[in-house]
Amino acid sequence: MNAMKRIYQLAILGVLSLTFTSCTKDWLERTPKNIILEEQVWNDPKQITSLLANYYDRLPTDMGLTDQNHNSIDDNQERQAQWRRMADYDDAMWSGSTNEDGRNNIVNYPFDRWRVWNYSLIRDINLALEHIETYGVDLNAEEKTSFLAELRFLRAYNYFELVKRMGGVPLVTTQLIYDYSGDPSYMQAARAKEEEVYDFIASEVDAIKDQLGNDGSQTRANKYTALALKSRAMLYAGSLAKYNNAMGGPITTAGGEVGIPASRAQEYYEKSLAASQEIINSGAYALYQNNPDLGENFYDAIVRKTGNSEVIFAWDFLSSKDKRHGFAYDNIPRSIREDNLSSSNITPSLNLVERYEYLDGSSGELKIRTADNSDFIYYDEVADVFANKDARLYGTVIYPGASFKGLTVQMQAGVLVWNASSNSYQTIEGADLGATWGGEDYPNGDGKLLTAAGGPHRSIMEVSNTGFYLRKYVDSGPGTSTRGIRSDVWWVWFRLGEIYLNATEAALELGRDADAAGYLSTLRERAGFGEHSVTAATITMERVRNERRVELAFEDHRVWDLKRWRIAHEVWNGSSNNPDAVVYALYPYRVVRPGDATRDGKYVFVKMVAPRFRAPRFFQMGNYYSSIDQSVINNNPKIVRNPFH
Amino acid sequence: MKINKYLYSLLSIAVIMVMGCEKDNYEEPTSTLTGRVVYQGEPLGLRSGGVQLELWQHGYDLFSKIPVHVDQDGSFSARLFDGDYKLVLLRGNGPWADNTDSLDVHVKGSATVDVPVDPYFVITNHAFQRNGDQLTATISIQQVNTSRSLERVRLYLGQTMIVDQNNSANTVEVLAADITDLSQPITLTTTIPASLASKGYLFARIGVKANGVAEYIYSHPEQVAL
């Protein structure tokens, strides 16, 4: 009995040991099914491209077309792309849900508002650069060079986003590995000087521009994308060097982390101009002029993706791959929305509209009152007041009576009824959209339109509060403003229009007025102005700045431009007496004045502070450079704080 | 017997719940720190919500500043735990020269502290005179710290006590270029807005700004009967 048991046990043991030994060899050397190895990633161009897509998607922007989507790690780390911020400056205000009325009531911009400290992305890029070198043995030399250059472009772009917000930041270009010695101080890098970061961007672009592939791509970096980055970054550096030192008290830190010496301005402007000229003279891009309707043409120049020769670099979306955004859903005019919710969130201000010049070159203030200010000017149609304006106005803003998607956006705030006994107009505005002046509510009314379906309205949410709607970046495709379909319009990082403006500004700063006027006139011709609408005699910095505002509105330039010119604290000084710091609205009214044929039934316009706008924009000195998070300083005592914080 | 078992277990759960709550909650701070920002013992006039001091406390894991906002009359208060704090002037924030020295503050129950600063300018004297619909202010200013030059002097009119660069019904300024001699009184005249004239009184205030500093230094608001 015992012997039997013993045999059994031995037999089982024997079988078991056999199974084990036979497997051992393969078992431990199998390729894991659930982990991708470094050797696999860095030898496969497809996988590297997928990684690159992720890095492109993480580049920061203040505006963009999406809502914040990378906040999972922590607030400082990832990008801020937030289209809602278009409502936070002076080109527009918030007319959407009252939940976000805070955007009209920003008492002052917080010091951390523009803060980005996304070294998570920098580290990922540094890691990729090193791993391609180490593991990418099977890539051919050309692919390898091109990938490395593309990664370095992304890193340079990201450092530009950091330096324009934070000033000089630590320049980390290799991965940092902790050695568990208990002393992390060798990993703590101090902030580089502000100029050093700009110099780094310039030298990176010079090093990689001829190594980049992707010829003709508008969504991946090629030679001209890198040059566009240089054009913009060097322009910023030049104006910082010039205008910071022109202030009563320049903003600087002792170590140069903030503040570029004035002596370097010339050199930076030269570099910017050279980069811009290389792009313009290459002939690789052309200003978009495919649509004979100049207003529609300007809209198409930014939004149309097919046959667009102007856009250099864009953040693309594609409905068929479910990479979409709700920008059209949130911003289409109320009266032509296709969904039952949202619409009309970002509404351009009268401030912006009046910056668009008349085609004869005269200043853009709308003609709504007679010269002696005694009476309104009466217009047959609402849209007539916008006649003969810069075509870019139509391409950027939907004004009363303009059309979108083939539909007219009719706007009327109410009626002005003439009271002969008091010799004045009485203002009547509807409580609802699409109301008629008549019926039980208004027994004296004439039964015609009181308040249009598209507003404007003083208090209703999701209808324009300013009297204007946004056109730029709003998709005109069928159904794109529904939540089911949504929009795949792209976000433009760089386009040739900006390069022309960069060239203009740099040339003017360098005293080459004729060159500057030439670039600016070319750009303005596309907007309907005649040839040579600006000459060396008439070009001024004021004019160039205005051009940047109207051409690049809602493309994430305004706040950065005001910052680098060091005028943000004066333009947005927080005073309600300052017309630049307050958002204005323009309300159209129908005149009811029976017996006066020249006035009855005509349209007049009333300018006012937008009713839902509360606090004047207030940009403080401490906003020029965003504050660095205390936890960053605690972890790395070598980081010095920015001024005023 | 069985019922007892239930009772005991219920009771123990109840006890755990009650104890658990007590353990997790911190008591709110009860001590107060009050103080003023002073020059030669006099509190300075500032912009409402404009100037901030910072309190730091060493020795804890969480090292993060406690912002202390200064009222427009130069006073401030904060509710704190007992302990030792460092009070620091935020660089470049107020209308005074930077001083990186911190002030030790010991809080036990309550504490009062005067924060001496070195302002660029002080308003030594001011008077308001109404003439019909005009208001005239006569101001004497004195430069204290000479590291920054004068940029402008402003007169503000408002309907309430809160009058400053951001809140005013009317304002007028004189630039430094038009002020030849600082030892002489400066005169500023402006029209009283109709919205204030109908109230029967207004509040007037003077602001003085040095170059390269964001904040003005103000006189204390003064009620002027109309």
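A:Ser343 has 26 C-beta neighbours inside 10 Å and so counts as buried. The cut-offs behind that word are simple: a residue is buried if 20 or more other C-beta atoms lie within 10 Å of its own, exposed if 12 or fewer, and partly exposed in between, with C-beta atoms placed from the backbone. Phi of A:Ser343 is near 85°, which is positive in a residue other than glycine. The residue lies in the loop between α10 and β3 of chain A.

A:Ser342 is found in the loop between α10 (327-331) and β3 (346-348) of chain A. A:Ser342 is not a glycine, yet its phi is positive too, at about 55°. With 20 other C-beta atoms within 10 Å, A:Ser342 is buried.

## Basis of the model

The model is predicted: local features need pLDDT of at least 70, side-chain atom pairs count only at pLDDT 80 or more, and totals for chains, interfaces and linings use all residues. Residues are numbered from 1 along each chain as its sequence is written, while chains are lettered from A and ligands numbered from 1 in the order in which they are written.

## Chain A overall

Chain A holds 18 helices and 14 strands. Both are DSSP runs numbered from the N terminus: helices are H or I with at least four residues, strands are E with at least two. Along the principal axes, the C-alpha atoms fill a box of roughly 125 × 75 × 45 Å. Of the 645 residues, 47% count as buried.

Two residues are in contact if their C-beta atoms, placed from the backbone, lie within 7 Å.

## Local features of chain A

A:Gly455 and A:Pro456 are joined by a cis peptide bond, with omega about 0°. A:Pro456 sits in the loop between β10 (448-449) and β11 (469-470) of chain A.

A:Gln40 belongs to helix α2 (residues 38-41) of chain A. It is exposed, with 12 other C-beta atoms within 10 Å. The C-alpha atoms of A:Gln40 and A:Gly136 are separated by 8.7 Å, although the two residues are 96 apart along the chain.

## Helix α15 of chain A

Helix α15 (residues 541-551) of chain A has these buried residues: A:Val544, A:Glu547, A:Arg548 and A:Glu551. They cover an arc of only 100° around the axis, so they fall on the same side of α15(A). The arc is that of the directions from the helix axis to the C-beta atoms. An α-helix has 3.6 residues a turn, so residues three or four places apart point the same way.

The buried residues of α15(A) pack against α12 (391-396), α13 (496-509), α14 (513-526) and α16 (558-564) of chain A.

## Nonpolar cores

The largest nonpolar core has 164 residues. Such a core is a set of buried Ala, Val, Leu, Ile, Met, Phe, Trp, Tyr and Cys residues joined through C-beta atoms within 7 Å. A:Phe153, A:Ile201, A:Ala228, A:Leu229 and A:Ala237 touch the most other members. A:Leu229 touches A:Ala156, A:Tyr157, A:Phe160, A:Ile201 and A:Val205, leaving aside residues up to four places away in sequence.

A second, separate core has 46 residues, including B:Leu33, B:Phe76, B:Leu80 and B:Ile206.

## Chain B overall

Chain B has two helices and 16 strands. Its radius of gyration is 25 Å, well over the 17 Å that the globule rule gives for 226 residues, so the chain is more spread out than a compact globule. The radius is taken over C-alpha atoms, and the rule is 2.2 Å times the number of residues to the power 0.38. The C-alpha trace spans about 95 × 45 × 25 Å along its principal axes.

Buried residues make up 31% of the 226 residues in chain B. Of its contacts between residues at least 6 apart in sequence, 64% join residues at least 24 apart.

## Domains and interfaces

Chain B is assigned domain 1 (31-116) and domain 2 (121-225). The bounds come from an automatic or database domain assignment. The C-alpha centres of the two domains of chain B lie 27 Å apart. Across the boundary, 15 residues of domain 1 contact 15 residues of domain 2. The domain 1 side has six nonpolar, seven polar and two charged residues. Here Ala, Val, Leu, Ile, Met, Phe, Trp, Tyr, Cys and Pro count as nonpolar, Asp, Glu, Lys and Arg as charged, and the others, Gly among them, as polar.

Between the chains, 14 residues of chain A are in contact with 16 residues of chain B. The chain A side divides into five nonpolar, nine polar and no charged residues.
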